[in-house]
Amino acid sequence: MTACLHGNEYTGFYALAQFLDLLVRRWREYPQLSYLRKNVRLITIPIVNPWGFNQGRRQNANQVDLNRNFPYNWDLFANGQPGDTNYKGPSPMSEVEAEHLDALFNEFNDAVAYLDFHTIISVAAEYVMFVPRWLRQNNSRWARVVQEMHDPDRDRIAWGTSTLPAATNYARQQYGFNVGLPEFYNGLFGSQHRDSAEMTQAVKWFGNMILQGTMISAQATVETLKDPTMKWYAYDESPGSLFGEDGDYEGTPGESVPVNRVNHSQLSTKTYSTDYTVFGQTSMKMVADNQATNGSINLTELTSGTYWLWTLYRQVTEISDGHFGMYVYNYNSSDNLETVVPNRTSPDSDWVRVGGVFQGRSGGCRLVYGRTVAWTGTVYVDGNMLVQLSEKEYNDYIEGKISLEQLMDKYQFPYEKEPDRIAVNSRNYSTVLQTVQQFTVETPGVVSVDGFVTFTLSQEAEVGFIPLAYQPFAAEFNWGDGNANPLYEIRRRFPAGTHTLPLYGQMYAVPTSKRISNRSGDLTIRLRAMRSTGMLTINQYRLRVTFLPAAPGLEMYDATKRESLSSSAMQKVYPVPRADDEE
């Protein structure tokens, strides 16, 4: 146990001194302290940086931050100048205080745990804890203290992972200790700094960390023998993407790449059930820009001697040139043109039911929505149906014995809206919102996501899926790291139709920081998807999320663009040190 590597962080020292006083003077009153006296060897340096303690300075007399002066990840972090807040010194172990601490580690190299107490000013939270990010050890004891002590309705938790050249990281790497760096933020529990209420809380916080540390039975390499480990290997045929650099599909020589050139899209949103003959599209959107854009249907069944009611709901949302109408004429010709529904030259204020009655033609009919010459506007059609009438009904209509409204009412059947569909509408990756789930993480562990997705394509297209697991604002596996991670991506070009793809992803999760922003959030699961063109509907998906409490034990490798290296093609891509840390 150490305190005051940073000389001006007094609360850690005072709390440790108070805990040791309780252990020496009042151990008979508390069974926990009695257990420590009789069973555990405690080694402590209450003030590692006496010059800084005396001067009220973070650094030592040489203006070096002692908790950046150890060999672990030394080359990863920039140095700065003497006196800078995080100046790490001219070389590893350049400072006598660091040498003394290392000598202590070496003398008691069979210790099972090491705690270094600090006071923090950058994170206002009741419970702040840092552990090594990539080094395997038993973190469950530290997590237990946090979970049992905090008030979920009030307290904030900031759980951090560190890659710094700090004493704790070095002690874990070099000597195998299970390490922790608990911090205390002054001003949250008392009326003034280090008054009785605040110091009581500090002793509880640091003291319970000590008690849990004494329950660890072996060094980190032994403690984690039963923890699961995972390795992820990936490869994509180079260049690893079916899209060009600018995101457009390049195709291959001789390939016919489909292009969507239609001027209106069909959106089937209703399902109909009737005993009568029904033809046509149930729902359409038509857009024309000074052109003869017509939705048309050729129906050879509409022959001479048959009689028909054509009715639908229409809404003209804009029209600036020409008009929108509904026509019928001879199949495969423009002869015998008949206007079935009067032309509309201005927008509709709401949906309007329209319709008309006509006879079949020799060889069949062509039904036209729109206009046979240029027009400009936007029109929506819904509830479209074509019902065969009896000869008597047709004659009664011609003779005025039954009106068009009565005919439409007679054959207006109830319809049911189809169940809502899960559609992927983005060319770039976007989240399928129906898949988003969140979980609170109470202890560190490995998260695996696996399953499958079945989807239907309206036309040939490029399709991609990423089963994403991440923690917002976590140092690793955050949103930025994972939202388009190619290691979990499966992306191929598929023909129109229904297809099924397997899904798999994983991450290493740290405990959720609670009631505090910009710290590791809840574990979040999202299925992200993209399609290059057409309509993609998700028919079915299964996502299984497995959490295995464990020390850091996830490694990831990628061989993409390294084919020539043969058996050495796999390159480690996680964990890879990067200088983005704090403490």
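Visitor: Where does Q63 sit?

Guide: Q63 is in the loop between α3 (50-55) and α4 (96-107). Helices here are DSSP runs of H or I with at least four residues, strands are E runs of at least two, and both are numbered from the N terminus. It's a predicted model, where local features need pLDDT of at least 70, side-chain atom pairs count only at pLDDT 80 or more, and totals for chains, interfaces and linings use all residues. Residues are numbered from 1 along each chain as its sequence is written, and side-chain values use heavy atoms, with hydrogens and water left out.

Visitor: And is Q63 buried or exposed?

Guide: Buried, at 19% relative accessible area. Buried means under 20%, exposed over 50%, and partly exposed in between, using a 1.4 Å probe and protein chains only.

Visitor: What about phi of Q63?

Guide: Phi is near 65 degrees, which is positive in a residue other than glycine. R515 has a positive phi too, near 60 degrees, and lies in the loop between β23 (497-509) and β24 (523-531).

Visitor: Switching topic: which residues does a cis peptide bond join?

Guide: Y574 and P575, with omega about -5 degrees. P575 is in the segment after β27 (571-574).

Visitor: OK, what does UniProt list for "active site"?

Guide: E198, from an unreviewed entry. UniProt positions follow the numbering used here, feature names are shortened, and annotations may be inferred rather than shown by experiment. E198 is in helix α7 (residues 196-213) and is buried, at 0% relative accessible area.

Visitor: Which residues is E198 in contact with?

Guide: Leaving aside neighbours within four places in sequence, its contacts (heavy atoms within 4.5 Å) include F184, N186, F189, Q192 and H193.
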